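I opened this model to look up a few things: a pair of helices, the surroundings of a ligand, and some backbone angles. My entries follow in the order in which I made them.

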Amino acid sequence: MVLGAQFGDEAKGKISDYLSAEARYVVRSGGGPNTGHTIELPEGKVVLHLLACGVLRHGVTGISGPGMVINPFQIRDEILDLERRGLRRGEIVISDRAHVLLPLHELEDAWEDDLRSKGDPAAGLGTTRRGVGPAYEDRYGRWGIRMGDLSRPAIVKERLALLYARKAHLPNLPPMEELAGRLAEVGGALAPYIRSTETLLWDALGRGESVLIEGAQSALLDIDFGTYPFVTSSHPTSAGAMMGSGIPPTELDSVVGVTKAYCTRVGAGPFPTEESGERGEFLRRVGGEHGATTGRARRCGWLDLVLLRYAARLNGFTSLAVTKVDVLGGLDSFPVCVQYRMPDGSLLRDAPPLQASDLAAATPVYEEIPGWPEVHERLKERLRRDGSPALPPALRRFLEFLTVETGVPVEYVGYGPHRDETVHLDPTTVPRRGPGLSAWSG
Ligand code: IMP
Ligand code: MG
């Protein structure tokens, strides 16, 4: 399983793509068109919103899983786009239990966020406005339409009538008959892809085939464990990803948490280590920190170990993938937040406070980390050829520091956007565990 350890955009897509070389199935477990997984192939850049990265590899099946909310028009276009570019290589499968995200959910998403920010602009969540929140609301309110329903126009019409009755307050709803017609048409186009995916995966696991679960969004955006209410509407955690894929927890071998060497966030919500000035601008520029889905400039700041420790324990990370280390290359030193000082003077180390406003009031206590040299082309060549022995010593010391501070070994390091710009560390060259969990819980 590959999961985001921060607020999203940790380059999960890149790590999932890298690991998908070893997989027979890749399944996306949650989220919807709020996601943008960017993958740099030799043929060019691909951004996947609704398809799993496995679809980019021959011999791999990419599954858009049961926990997702899927805009059927968008996934059809995404498939067509890959076909046009000659990049559709794996098999594509869509879960019949994934929910249909409708155009009215997009309207509702904008309507809701406008309503939230009407009295107080700071109360808006800054959602992606792709309809994801309202689609999950309808799913849990039992008003939803599932992908497997699309082949049954009578069922879709029944469900739509209920939905329209419930959403009469929304302005500019498309005529229901017209929407029903469009859904019947797109349902026909998608029919070859839609099937039961939990049974497919159980059979695959029974045959001993390997399955990679590709998480979307991230721990701190989890509906329950994230910075509520500034969160997404699904469970981008390891437990949530089991539910969202239909695979039992007892099948899970490893959970890779993906973290950048610094931190970003899009949308509203607390972000203690945010740098609004020149240093934030530096990270944004060098890191290319603009949203893959909405194009919004990402908020940038430093790595936050309080949040990373929390994410590590919440998800049971068995290893970390540390990405974008090239962005910090060439700095003399850079800060990492090791704990928070709260307004009452107390220190927090292992978990953020419950209230988003309290987290926003936390002052990061930084440790200054010695930097490593610029990751220029010559170093990249050495890393590609020799792997982890070519890692600069200062970078290696940073990775060891992360292992000691989080209790989780670093297994992968991303030093550039391309598929092959990933180092796999031999776990024996990394201290397996630092002081570990027991040291934190005292
Ligand atoms: P929603 O998921 O569109 O409802 O947006 C809720 C919050 O989650 C907003 O702050 C979004 O910017 C954020 N969010 C949702 N999906 C992603 C993602 O894939 N990457 C980063 N942030 C995301
Ligand atoms: Mg993204």
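**Ground rules.** I am working from a predicted model, in which local features need pLDDT of at least 70 and side-chain atom pairs count only at pLDDT 80 or more, whereas totals for chains, interfaces and linings use all residues. Residues are numbered from 1 along each chain as its sequence is written, chains are lettered from A and ligands numbered from 1 in the order in which they are written, and side-chain values use heavy atoms, with hydrogens and water left out.

**Helices α3 and α4.** I looked up how helix α3 (residues 103-119) meets helix α4 (residues 132-141), and found that their axes come within 7 Å and cross at roughly 110 degrees. That makes α3 roughly perpendicular to α4, a label given to angles of 65 to 115 degrees. Axes here are lines fitted to C-alpha atoms, for helices over the stretch in contact, with angles running from 0 to 180 degrees between N-to-C directions; helices are DSSP runs of H or I with at least four residues, strands are runs of E with at least two, and both are numbered from the N terminus. On the α3 side I listed H105, E108, D109 and E112 as making the contact, and on the α4 side V132, P134, A135, E137 and D138, contact meaning heavy atoms within 4.5 Å. These residues divide into three nonpolar, one polar and five charged, where Ala, Val, Leu, Ile, Met, Phe, Trp, Tyr, Cys and Pro count as nonpolar, Asp, Glu, Lys and Arg as charged, and the others, Gly among them, as polar.

**Helix α10.** Is this helix enclosed or open? Helix α10 (residues 305-315) is largely enclosed by the rest of the structure, because eight of its 11 residues are buried, that is, under 20% relative accessible area, while exposed means over 50% and partly exposed in between (1.4 Å probe, protein chains only). I noted the buried residues as L305, V306, L307, L308, R309, A311, A312 and N315. At the start of α10, a side-chain oxygen of D304 comes to within 3.0 Å of the backbone nitrogen of V306, and after the helix comes G316, with a positive phi near 65 degrees.

**Ligand 1.** I then went through the 16 residues around ligand 1, of which D9, N34, T128, T232 and R296 come nearest; a residue is included if one of its heavy atoms lies within 4 Å. A polar side-chain atom of N34 is 2.9 Å from an oxygen atom of the ligand, and one of R296 is 3.0 Å from an oxygen atom. For Q217, a polar side-chain atom lies 3.1 Å from a nitrogen atom of ligand 1.

**The loop between β10 and α8.** S234 has its place in the loop between β10 (211-218) and α8 (238-245), and at 8% relative accessibility it counts as buried. Leaving aside residues up to four places away in sequence, S234 touches G31, Y136, Q217, L221, D222 and I223. P229 lies in this loop too, and the peptide bond from Y228 to P229 is cis, with omega near 5 degrees.

**Backbone angles.** Most residues other than glycine have a negative phi, and most peptide bonds are trans. I therefore noted D9, whose phi is positive, near 65 degrees, and which counts as partly exposed at 23% relative accessibility. N172 has a positive phi near 60 degrees and counts as exposed at 68% relative accessibility.

Key:
Parallel < 35°, antiparallel > 145°, perpendicular 65-115°, else oblique. Polar contact = N/O pair within 3.5 Å; in protein donor to acceptor, adjacent residues only side chain to side chain.
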